[in-house]
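Hi,

Here is the structure I said I would pass on.

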Amino acid sequence: MPQYDKDLQADCLKTTPDTVTESDCRAYYRSDRTAGFRLVWAAYYQDVSTNNQALDDLQTASACCGFFAPFRCLNDTRSFGDFPSLNKVSSIVLKQRMSCGHHASNNPKYDYYLAQENCLEYFDATVIPPIVGGCKYDLGVGSCANDEISIYSQGCASAMEDYMNEKLLPPAVFFLAASGVNMLCMVICTVLFFKRKYEDVFPTYEQDIQYKNVDYPKIKDKFVVKPKANILVKHGFLTPAEMHTRQAAISSSAQSSSVPAGSAAGDGQKSANV
């Protein structure tokens, strides 16, 4: 989101603003955000091999020239402070936020920007030595830096902001999406962490897996049934005391069935003979 309204920016970047006040434009010119974009413009301006052409294309597409409004340099002696260091920006640009050329004393509203390799104009060429004014455009690229000022002349600061926003939008969306995925994974892990261990996570093996929908007659040779000690007590069908009583009864019955037939009658007969 732009810090200043786009209509205000467009008006302030004209040689003479139509509707906004000088104080509004000065606040826009002196903002940290605008200063940062001018540093990027200066870095592109000095990168003749690649980015210089990008500025020329931007100027052509946006019908503008240079960064700030033509022929309206506002001197700003503040330093860039905590701005990241840009090795491709000249020391003249980094010396202070804005350095102006000669002041056009015949028109107090207009100040030249510093002279450039492709742009140098004289304030007064009739005197010896002639007085150098500077350049009417702020780091203008290509032939537009020598164009005459008209009511349609404007700076490219607003277009530069849009250009950088378009370049930064794809990686910004990617990192936001990656952060969203990471947050979603954290929420899912938190939900799974608080799930109840037995009822919600692990199935009851005997009921849900081993013995569910199994046609045992068809697989009678595939398994062996083995008794399990105290299974009725473990599942709550019998108390330990009841289980002990049943085991004693089973043991007593087994012993009775093991006595040979007729043993009891023989013993009775011996007793009678005695």
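**What turned up**

Gly 155 is buried, at a relative accessible area of 6% (buried is under 20%, exposed over 50% and partly exposed in between, with a 1.4 Å probe and protein chains only). Before going on: this is a predicted model, so local features need pLDDT of at least 70 and side-chain atom pairs count only at pLDDT 80 or more, while totals for chains, interfaces and linings use all residues. Residues are numbered from 1 along each chain as its sequence is written, and side-chain values use heavy atoms, with hydrogens and water left out.

Back to Gly 155, which sits in the loop between β4 and α6 (helices are DSSP runs of H or I with at least four residues, strands are runs of E with at least two, and both are numbered from the N terminus). Its C-alpha atom is 8.4 Å from that of Ala 10, although 145 residues separate the two along the chain.

**Helix α6**

Which residues of α6 are buried? They are Ala 157, Ser 158, Ala 159, Met 160, Glu 161 and Met 164.

**Cavities**

Searching the whole structure gives 2 cavities of 30 Å³ or more. A cavity here is a set of points, on a 1 Å grid over the protein atoms alone, where a 1.4 Å probe fits but cannot get out, and lining residues have an atom within 4 Å of a point. Points are joined across faces, edges and corners, and the volume is the space filled by probe spheres set on them.

The largest cavity comes to about 120 Å³. It has 13 lining residues, with Tyr 29, Arg 30, Phe 68, Asp 76 and Met 98 nearest its centre. By class, this lining holds 6 nonpolar, 2 polar and 5 charged residues (nonpolar is Ala, Val, Leu, Ile, Met, Phe, Trp, Tyr, Cys and Pro; charged is Asp, Glu, Lys and Arg; the others, Gly among them, are polar). Both α2 (22–29) and α3 (32–46) supply at least two residues to it.

The second largest cavity has a volume of about 80 Å³. Among the residues lining it are Tyr 28, Phe 37, Ala 157 and Glu 161. α3 and α6 are the elements that give two or more residues to this lining, and α3 has the largest share, with 3 residues.

**Hairpin and loop**

β3 (121–124) and β4 (131–134) pair in the antiparallel sense over 3 bridges (pairing takes at least two DSSP bridges). They make a hairpin with 6 residues between the strands. Glu 121 stands opposite Gly 134, and Asp 124 has Ile 131 as its bridge partner.

Most residues other than glycine have a negative phi. Ala 63, however, has a positive phi near 55 degrees, and so does Phe 71, also near 55 degrees. Ala 63 is in the loop between α4 (51–62) and α5 (91–95), and Phe 71 lies in the loop between α4 and α5 too. Ala 63 is exposed at 54% relative accessible area, whereas Phe 71 is buried at 11%.

Cheers

Technical notes:
1 Å grid on protein atoms, 1.4 Å probe; cavity = no way out; pocket = protein on both sides within 12 Å on 5 of 7 lines; lining within 4 Å.
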